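Student: I have this complex open and would like to talk it through with you, one piece at a time. Could we start with how some of the helices pack?

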Amino acid sequence: MTCDEFRQLLGDHHAGELVVEVTERFDFHRTGCPDCGFYLESYTHTVKVMRLLKCGPLPAGVEERLRAACALGEKSERG
Amino acid sequence: MSDPPPTTAAPTPTPESVFREFAPRIYHLARRMLGNDADAEDVTQDVLVQVIRKLDTFRGDAQLATWLHRVTVNAALAFRQKRANRQKRETTEAADDVLEAAPVGGPVKRWNVGPDEPVLAAEQAAVIERAIAELPGPFRDVYVLADVEGLPNQEIADMLGMSIPAVKSRLHRARLRMRDALAPHFEGGLAS
């Protein structure tokens, strides 16, 4: 397995969708190639860290404008 | 735009409760998909006005949350399509070619991250948000829905009108791009 082939399999590996034979070749390459081992770690971290992104509050000014628009929408709905 | 699903017995949400609970979520999902604060505000306004008009058809927040997710995605896609039509550029077909994975190059540095559950500092979150905003639109849609919102591939495929293999392909390419964009920041001392 080449480094390119290894990286193309990262998504399926992360999803646990590699078949046994390919997993063996994948793991064999990883143990023999420190660069791909580090790359796998960083890929996995990239996926994990995204779930930590917070929604956060609305930016200043946006809440007021949205509330005004919603109030108008309600008013027009009531006729 | 899809109609709200049928109702079950639960309290009807009020405009105020919807605003407090969902406005920030709608806004941030739209902002991440569109990569632009002003566009996100327009989409949030459209979605909130729609939902408030249909509030009496909902019973309970869970049903509303699911519907809002879908309506927000549809509204963001429609907004981008309208803008693309105006600007006569950015087609889905072309976008497939603009996110080729970087070729395997020199040595890969180990990231400065601990083995435990990561913690995200504000500075890191800002770096990540910028990197997401720089993904091409169609890749960003799949990426945000999958890795930020945590939706399953099947649901993303349904929402975006794509096949599951296409979702997986875009997600993988977006992840590689994100990984490469974050590398300079996480290889150093920024990561916790």
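Student: At roughly what angle do the axes of α6(B) and α7(B) cross?

Tutor: Keeping in mind that this is a predicted model, the axes of α6(B) and α7(B), the latter covering residues 153-160 of chain B, come within 10 Å and cross at roughly 145°. The crossing of these two helices is right-handed.

Student: Which residues meet there?

Tutor: From α6(B) there are D141(B), V142(B), L145(B) and A146(B), and they meet N153(B), I156(B), M159(B) and L160(B) of α7(B). By residue class, this contact divides into 6 nonpolar, 1 polar and 1 charged.

Student: How far is M33(B) from E123(B)?

Tutor: Their C-alpha atoms are separated by 21 Å, and the two residues are 90 residues apart along the chain.

Student: Switching to the interface, how many residues does each chain put in?

Tutor: Chain B gives 40 residues to the contact and chain A gives 34 residues. On the side of chain B that touches chain A, α1 (15-34), α2 (37-53), α5 (122-133), α6 (137-148) and α8 (164-186) each supply at least two residues, and the largest share, 10 residues, comes from α8(B).

Student: What's the make-up of that side of chain B?

Tutor: Its residues divide into 25 nonpolar, 5 polar and 10 charged.

Student: And chain A, what is its secondary structure?

Tutor: Chain A comes to 5 helices and 0 strands. Its radius of gyration is 24 Å, well over the 12 Å that the globule rule gives for 79 residues, so chain A is more spread out than a compact globule. Along the principal axes, its C-alpha atoms fill a box of roughly 70 × 25 × 15 Å, and 20% of its 79 residues count as buried.

Student: Last one: what confidence values does the predictor give?

Tutor: For the complex, the predictor gives an ipTM of 0.84 and a pTM of 0.80, while chain B has a mean pLDDT of 81, with 77% of its residues reaching 70 or more.

Note on methods: Residues are numbered from 1 along each chain as its sequence is written. Chains are lettered from A and ligands numbered from 1 in the order in which they are written. This is a predicted model: local features need pLDDT of at least 70, side-chain atom pairs count only at pLDDT 80 or more; totals for chains, interfaces and linings use all residues. Two residues are in contact if their C-beta atoms, placed from the backbone, lie within 7 Å. Helices (H or I, at least four residues) and strands (E, at least two) are DSSP runs, numbered from the N terminus. Ala, Val, Leu, Ile, Met, Phe, Trp, Tyr, Cys and Pro count as nonpolar, Asp, Glu, Lys and Arg as charged, and the others, Gly among them, as polar. Axes are lines fitted to C-alpha atoms, for helices over the stretch in contact, and angles run from 0 to 180 degrees between N-to-C directions. A crossing is left-handed if the near helix is turned anticlockwise from the far one by less than a right angle, and right-handed if clockwise. pLDDT is the predictor's confidence in each residue, from 0 to 100. The radius of gyration is taken over C-alpha atoms; the globule rule is 2.2 Å times the number of residues to the power 0.38. A residue is buried if 20 or more other C-beta atoms lie within 10 Å of its own, exposed if 12 or fewer, and partly exposed in between; C-beta atoms are placed from the backbone.
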